[in-house]
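Have a look at the sequence and the model below. The report that follows walks through them part by part.

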Amino acid sequence: MPTRRHTLLIIVLLLLLAVASLSAALMAGSFAVAPGEVLQALLGSADGVGADVVLKLRLPRALAAFACGGLLALAGALMQVLLRNPLADPYVLGISGGAAVGALSAMLAGLALALVNLAAFAGALAAMLLVFSLAHGDSSWTRTRLLLTGVIVASGCGAAVALILSIAPEHGLHGMLFWLMGDLGHASSPLGAVAVLLLGLILTLPFARELNLLARGDTLAHALGVSVRQVRGGIYLLASLLTAVAVTTAGSIGFIGLVVPHLVRLAMIKMGWGNDQRLLLPASALAGGSLLVLADTLARTVIAPQQLPVGVLTALLGVPVFLFLLGRQPHERQ
Amino acid sequence: MNVSKPAMPAPLLETRQLEVSIGGHLVCRDLNWRVVAGESWAVLGRNGAGKSTLLATLAGLRAQDQGRLNIAGLALPQAGRGAGARAMARVRGYLSQHQIDPFASTVMESVLVGRHPHLGRWDWESAADRQIAEAALNEVDLGGFAEREVQTLSGGERQRLAVAQLLAQQPQLFLLDEPLTHLDLSHQVAVMELFARRATAGAAVVAVLHDPGFAARYCRQALLLFGNGEWLAGPAAEVITAAHLGRLYGHPLRELGGDGQRWFVPA
């Protein structure tokens, strides 16, 4: 496992990466802004088109991207530990499905953006409550039952989404598809998501060692003094809320929540640091945030002025990188 | 009356009228039992008699049906829940029958997990914790394995790693569910001797075992579970006999002896 010094060092390095990615996002675009100008704009000592572009367009979008990437990666890491399933991602419990049904229904009804977001959040919460109340029936959080309930709710939502898409008017389809693939073009007020990301880290980091034990099985964790039911129930709810906020902000961006925790874990295993959540959780959040900022910057510059949905880009970039790393991993016995 | 008795040590484990059942099957009824420091108990019974269920109950991992259960004076299951779980983990250690490793981890990391109940929320494993972990690895003959990946260990090595994890936990009461699983003969003896030494040093050991010969040789007390709620507890010399074992396993056994050792073979 990493020492405390190693952990702090890695986190500082990842913070620098985060700053670098945010800077790149503020400078790059169809209207290039020089680094000095960006700095002046941030300090409030510049005006003009450049400052406007940086402060009103790029900064909110970059912060929203960072927050969503961080939220998804953190939620994914938590779900993988709690479900003890490396295939788990933040959407596995049907939360994004619920949000999609909410958002697309609002779009179908022609509601304003703020109401679409509200409907997405309500849908996410509804799916979450449905899954938890059904899976919690016998007062034990059985993993299989939770997973199964989540998968069923997600597929039900998938059917509802397909229904909405098939009856939606043609001019509305583009927006709906972008929402489904994940898009940061409409993220205008990122502070809520940033605050939730911070809150998520503050609430989970004190329990990181407990989560290390839970990853080794409930019996062992209980025998070594973890209050299994409380910690597990609390973290499930928290991970679901983080996911709901991310999905409300940017639609269902795929891949970040599944792949970033794996990338961090693979890197940690290479260093001989195992699966220590004390490093894995903050590192996933920071790496996920930076990655989504970079992906979104690419998404709006690569074939500018046209914009790509960022979720497509995360998948296109993430799949080969992940397969490459997985192939290089030493083969295990069994 | 003024009768002076020798001072009884406070029991590490005490049950009163304890009733445990699982899935409608009665494991024990009216179990009145005390385990004090220095004792080493073997728990014997046939498959499905409920040995593991009883042990998990004693560890506070599941609730009893009826009766009182105290570990070091704390009433279970309440004292083992929530915030009390950590304090409980400093007193009693539990070796599970199954070890699972869903994620990659080194051997050293896995042993250090045993230090969890001794660390504060923001503490990091210290050099002293690593020394304890290394000593534990040496004790189970895994001295050079610290950096090995857990998922590459053999079954017996993995089992000894679980024992090392328990030793690093440093409890006063060891609850062992089939500690000899997967172990070869020499390591079976080594692990039994290791826990016998812990008992001599002032800990208490309760071990679910399958070989009555090992039980008679390494444990000074025995608890027999007959599978219908009946039980028998007492000194190993009195409880582990061919007659009792014949009834326990539903198969006649013959006692062989010599050099102060007793072994039991199916008749």
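## Terms and ground rules

A residue is buried if 20 or more other C-beta atoms lie within 10 Å of its own, exposed if 12 or fewer, and partly exposed in between, with C-beta atoms placed from the backbone. Residues are numbered from 1 along each chain as its sequence is written, while chains are lettered from A and ligands numbered from 1 in the order in which they are written. This is a predicted model, in which local features need pLDDT of at least 70, side-chain atom pairs count only at pLDDT 80 or more, and totals for chains, interfaces and linings use all residues.

## Confidence

pLDDT is the predictor's confidence in each residue, from 0 to 100. Chain B has a mean pLDDT of 92. In this chain, 97% of residues reach 70 or more. For the complex, the predictor gives an ipTM of 0.91 and a pTM of 0.90. Where pLDDT is low, predicted coordinates should not be read in detail.

## Where the chains meet

Two residues are in contact if their C-beta atoms, placed from the backbone, lie within 7 Å. Chain B brings 29 residues to the contact, and chain A brings 26 residues. On chain B, α2 (84-91) and α3 (107-112) each supply at least two residues of the side that touches chain A. Helices here are DSSP runs (H or I, at least four residues), as are strands (E, at least two), numbered from the N terminus. α2(B) gives the most to this side, with 4 residues.

The side of chain B that touches chain A holds 15 nonpolar, 9 polar and 5 charged residues. Ala, Val, Leu, Ile, Met, Phe, Trp, Tyr, Cys and Pro count as nonpolar, Asp, Glu, Lys and Arg as charged, and the others, Gly among them, as polar.

## The nonpolar core

A nonpolar core is a set of buried Ala, Val, Leu, Ile, Met, Phe, Trp, Tyr and Cys residues joined through C-beta atoms within 7 Å. The largest one has 191 residues, of which A:C68, A:L71, B:V43, B:V111 and B:A222 touch the most other members. Helix α3 (residues 49-82) of chain A gives the largest share, 19 residues.

Two strands pair if DSSP finds at least two bridges between them. An open sheet of 6 strands runs in the order β6-β7-β8-β3-β9-β10 (chain B), with mixed pairing. β6 (92-95) and β10 (231-235) of chain B stand at the edges with a single partner strand each, so one side of each has no neighbour in the sheet. Strand β9 (residues 221-225) of chain B is antiparallel to β10(B), and 5 bridges join them. B:A222 stands opposite B:G234 in β10(B).

Most residues other than glycine have a negative phi, and most peptide bonds are trans. The peptide bond from B:L76 to B:P77 is cis, with omega near 5 degrees. B:P77 sits in the loop between β5 (74-76) and α2 of chain B.

B:Q17 has a positive phi near 50 degrees. This residue lies in strand β1 (residues 13-22) of chain B. B:Q17 counts as partly exposed because 13 other C-beta atoms lie within 10 Å. B:D141 has a positive phi of about 70 degrees. B:D141 is in the loop between α4 (127-139) and α5 (155-169) of chain B. With 17 other C-beta atoms within 10 Å, B:D141 is partly exposed too.
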